[in-house]
Amino acid sequence: MWITKFASCLLSLLPTALAAVAYGGVNEGGGSLAPEILPGEFGVTYEFINYTNTQYFLDNGVNIFRITLLLERMCPPATGLGRTFKETYYDEFIDAVNFITNGGGHVIIDPHNYMRYNGSVIGNSSDPHAATTDQFAEFWHEIAKRTRFNPRVVYGIMNEPHDMPTELVFKNDQAAINAIRYAGARQLILEPGNGWTGASDWTQPSCEGCTPNSEVLTKIRDPGHNIAFDMHQYFDIDGSGTHDTCVSTTIGTERLYNATQWLKQNGYEAFLSEFGAGSNQLCFDCVNNVLDFLDENDEWIGWSYWAAGPMWGDYFQSIEPYQGPEFTTTWPNCLKPHLP
Ligand SMILES: *[C@@H]1O[C@H](CO)[C@@H](O)[C@H](O)[C@H]1NC(C)=O
Ligand SMILES: *[C@@H]1O[C@H](CO)[C@@H](O)[C@H](O)[C@H]1NC(C)=O
Ligand SMILES: *[C@@H]1O[C@H](CO)[C@@H](O)[C@H](O)[C@H]1NC(C)=O
Ligand SMILES: *[C@@H]1O[C@H](CO)[C@@H](O)[C@H](O)[C@H]1NC(C)=O
């Protein structure tokens with residue numbers, strides 16, 4: 001008995017230093033800008049990364065970049081969702097990926113489509129215009145086939161599914177996982193839930209009649225045993241990330257609490273792939289509390305801030321080096337000190 005007690009005493013002495021996250025970084029949100037303009041023009045409508053500024057982040061300890069893409073640009077509606085890519089868009093995208101991974105960073109591939117394609121919910125069988133779950137799987141199979149030998153690539157299945165049956169989110173997620181593994185790729189996969197993949201709603205219905213993520217997503221199976229849940233969280237009044245005021249210094253950890261308990265109960269891991277806040281002391285404290293919380297809870301393996309990337313202009317949450325308003329505030333005050 002005393003041995004057990006002694007051992008657990010020792011364990012409690014091995015605290016936070018061991019438990020920091022493995023990944024810390026930024027979203028590169030330029031590739032999915034102006035989604036209403038199709039196909040758009042590289043450097044005018046959209047641009048994946050600014051290479052100079054990305055090098056700055058690599059030089060300063062950022063080890064993960066979530067790069068957004070738009071499915072309708074990769075797979076134009078003329079040919080449909082699937083394995084036929086528009087190769088110029090793919091080349092522009094993969095150049096950005098390779099620049100980062102050759103420089104030692106990791107990249108999360110992020111179809112920034114909210115589980116929609118060409119205006120329809122992917123896999124909605126009562127919508128004759130909807131791309132099917134199989135087509136979505138084919139898209140992922142093709143991406144995985146092309147990138148399976150790059151160990152620094154992470155597959156983010158989908159940005160922020162919402163307002164659809166959680167069971168369909170699950171079905172599409174599972175199909176993507178199977179397709180990625182069938183292609184021979186073994187890298188980490190990030191799996192989103194319903195409700196804009198929001199952590200605060202994870203254990204409760206995110207829409208009228210929707211089953212909570214916590215009840216549906218426990219069914220997920222990964223033949224490669226390398227998945228984490230993909231969660232987002234903002235700290236403003238409605239959790240939308242559109243206001244520069246935070247509710248309180250503790251709102252972030254409060255909103256992450258229920259989902260974290262669920263992760264602990266089920267032995268899962270998660271990645272906070274979007275979070276962001278305004279440039280003021282209350283928000284700095286809030287973001288620092290969140291990053292401390294992620295370090296203290298082993299279930300959290302990493303984070304990426306929203307957002308960096310070219311073409312944001314003076315967007316209030318932009319931390320793009322030398323250009324974004326938060327490059328001189330949130331970046332030095334919160335993010336840089338918490339990089340792993
Ligand atoms: C990248 O950002 C730098 C500022 O850091 C700027 O001078 C340069 O013009 C940008 N490059 C492109 C291609 O926009
Ligand atoms: C895309 O949507 C348009 C407008 O609804 C439709 O005419 C077209 O057939 C759709 N394309 C595909 C591939 O579903
Ligand atoms: C699926 O399609 C039907 C028919 O167009 C539509 O009424 C329904 O709202 C769609 N479901 C979702 C979740 O969008
Ligand atoms: C956490 O879950 C409890 C029980 O379901 C709920 O009452 C509470 O509102 C949730 N907390 C947050 C911050 O959403």
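This is a predicted model: local features need pLDDT of at least 70, side-chain atom pairs count only at pLDDT 80 or more; totals for chains, interfaces and linings use all residues.
**Entry 1. Ligand 2**

I began with the surroundings of ligand 2. Next I looked for a polar contact. Asparagine 118 supplies one, with a polar side-chain atom 2.4 Å from an oxygen atom of the ligand. Last came the cover. Ligand 2 on its own has 360 Å² of accessible area, and the protein covers 44% of that.

**Entry 2. Ligand 4**

Which residues are around ligand 4? I found Ser200, Glu254 and Asn258. I checked asparagine 258 for a polar contact. An N or O atom in its side chain is 2.2 Å from an oxygen atom of ligand 4. Taken alone, ligand 4 exposes 360 Å², of which the protein buries 39%.

**Entry 3. Nonpolar cores**

The largest nonpolar core holds 88 residues. I noted the residues with the most contacts inside it: Phe139, Trp140, Tyr155, Phe229, Met231 and Leu294. Which helix gives the most to this core? It is helix α9, residues 281-296, with eight residues. I also logged another core, apart from the largest one. That one has nine residues, among them Tyr23, Ile108, Val154 and Leu190.

**Entry 4. Aromatic pairs**

I counted ring pairs and got 29 aromatic pairs. I looked at two of them in detail.

The first entry is tyrosine 46 with phenylalanine 48. The ring centres are 5.9 Å apart and the planes stand at 65 degrees, so I filed the pair as edge-to-face. The cut-off for that class is over 60 degrees. I then checked burial on both sides. Tyrosine 46 has a relative accessible area of 3%, so it is buried. Phenylalanine 48 is at 1%, so it is buried too.

I moved on to tyrosine 56 and phenylalanine 327. This pair is edge-to-face, with 5.3 Å centre to centre and 75 degrees between the planes. I traced both partners along the chain. Tyrosine 56 belongs to helix α2 (residues 51-59). Phenylalanine 327 sits in the loop between β10 (300-308) and α10 (330-338). The two are 271 residues apart, and the pair links distant parts of the chain. Are tyrosine 56 and phenylalanine 327 buried or exposed? I found both buried.

**Entry 5. The loop between β7 and α7**

I looked up two residues in this loop. Tryptophan 196 lies between β7 (189-192) and α7 (213-216). Its relative accessibility is 41%, so I marked tryptophan 196 as partly exposed. I also checked what it meets in space. Histidine 162 is 34 residues away in sequence, yet its C-alpha is 5.0 Å from that of tryptophan 196.

Threonine 197 is in the loop between β7 and α7 as well. I noted a positive phi of about 50 degrees for threonine 197, which is not a glycine. At 0% relative accessibility, threonine 197 counts as buried.

**Entry 6. Aspartate 222**

Where is aspartate 222 found? I placed it in the loop between α7 and β8 (227-234). Its relative accessibility is 8%; the limit for buried is under 20%, so aspartate 222 is buried. I looked for a partner of its side chain. The side chain reaches the backbone nitrogen of glycine 224 at 2.8 Å.

**Entry 7. Backbone exceptions**

Most residues other than glycine have a negative phi, and most peptide bonds are trans.

I logged a cis bond from leucine 38 to proline 39, with omega near -5 degrees. Proline 39 is in the loop between β1 (23-28) and α2. I logged another cis bond, joining tryptophan 306 and alanine 307, where omega is about 10 degrees. Alanine 307 lies in strand β10.

Methionine 115 lies in the loop between β3 (106-111) and β4 (116-117). Its relative accessible area is 0%, so methionine 115 went down as buried.

Terms used. Residues are numbered from 1 along each chain as its sequence is written. Chains are lettered from A and ligands numbered from 1 in the order in which they are written. Side-chain values use heavy atoms; hydrogens and water are left out. A residue is near a molecule or strand if one of its heavy atoms lies within 4 Å of it. A polar contact is a pair of N or O atoms within 3.5 Å; within protein, one must be able to donate a hydrogen and the other to accept it, and residues adjacent in sequence count only if both atoms are side-chain atoms. Accessible areas come from the Shrake-Rupley method with a 1.4 Å probe; for residues, only the protein chains shown count as cover. A nonpolar core is a set of buried Ala, Val, Leu, Ile, Met, Phe, Trp, Tyr and Cys residues joined through side-chain atoms within 4.5 Å. Buried means under 20% relative accessible area, exposed over 50%, partly exposed in between (1.4 Å probe, protein chains only). Helices (H or I, at least four residues) and strands (E, at least two) are DSSP runs, numbered from the N terminus. Rings of Phe, Tyr and Trp (its six-membered ring) pair if their centres lie within 6.5 Å; planes under 30 degrees apart count as stacked, over 60 as edge-to-face and the rest as tilted.
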